[in-house]
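Okay, thanks for coming, everyone. Let me put the model up and we'll get going.

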Amino acid sequence: MPMAAHAGAQVEEPLADSVRSALSAAIGRSAPSLTFADETQRRQCERWGEALEDKLRKRKPEELVRTEFLHTVCYEAKRAGLEPSLVLGLIQVESGFRKYAVSPVGARGYMQVMPFWSRSIGNGDASSLFHTQANIRFGCVILRHYLDRERGDLFMALGRYNGSRGRAEYPNMVTAAWRTWKVADALLGGPAAVRLADSAH
């Protein structure tokens, strides 16, 4: 039975055909799989996950589930050009790391993706939003889309993601949660994919 979440609601907005096509291509039509670009990326994600195992143990006590979850977050975040620790912070706030969480407005899974996205840019099967990798892929692609729309302004992008654009509570909660997961980021190498929201917000 899905567990209730207290997340907001992403707002369905008209998408230009070119944007819809690009987002659909980023989601893909078949079930996603962890296909790392190379062995270096695989090892980086494995080390990153290992560094966070203990921190996540209370929320995900089963080792196999916990490891798969962390590898998936790392893979999908990097695929979308996001910091994996940001994605963990968002998941913490959105669903409390509950795979089957459902909000009062129907948002589903870890990243609380609204079912209209599966119809708009996916294969139309909203039940797939409870599949770990599919949910995290949708969430990462959607957040990347909002970041692009807001020209890199994370504060505004997070507001769009939650359906609370322009209000500070949700972006502040996510960035606070993000900071608690950043301890392993140095293991991923390379520059930060997105910057921390401006403290002026």
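Predicted model: local features only at pLDDT ≥ 70, side-chain atom pairs only at ≥ 80, totals over all residues.

Numbering runs from 1 along each chain as its sequence is written, and side-chain values use heavy atoms, with hydrogens and water left out.

So, the helices, which are DSSP runs of H or I with at least four residues, numbered from the N terminus. Helix α6, residues 132–149, packs on helix α7, residues 154–162, at about 130°, with the axes 8 Å apart. That makes α6 oblique to α7; oblique is what's left after under 35 degrees (roughly parallel), over 145 (roughly antiparallel) and 65 to 115 (roughly perpendicular). The axes are lines fitted to C-alpha atoms over the stretch in contact, and angles run from 0 to 180 degrees between N-to-C directions.

Who touches whom? On the α6 side you've got Gly139, Ile142, Leu143, Tyr146, Leu147 and Arg149, and they meet Leu154, Ala157, Leu158, Arg160 and Tyr161 in α7, contact being heavy atoms within 4.5 Å. By class that's 8 nonpolar, 1 polar and 2 charged residues.

Now the cavity. The whole-structure search turns up 1 of 30 Å³ or more, and the volume of the largest cavity is about 50 Å³. Its lining includes Phe116, Trp117, Ser120, His145 and Tyr146. Helix α5 gives the largest share, 3 residues. The lining splits into 5 nonpolar, 2 polar and 2 charged.For terms, a cavity is a set of 1 Å grid points where a 1.4 Å probe fits but cannot get out, lined by residues with an atom within 4 Å of a point.

Definitions and conventions
Helix = DSSP H or I, 4+ residues; strand = E, 2+ residues; numbered from the N terminus. Nonpolar A, V, L, I, M, F, W, Y, C, P; charged D, E, K, R; others polar. 1 Å grid on protein atoms, 1.4 Å probe; cavity = no way out; pocket = protein on both sides within 12 Å on 5 of 7 lines; lining within 4 Å. Points joined across faces, edges and corners; volume = space filled by probe spheres on them.
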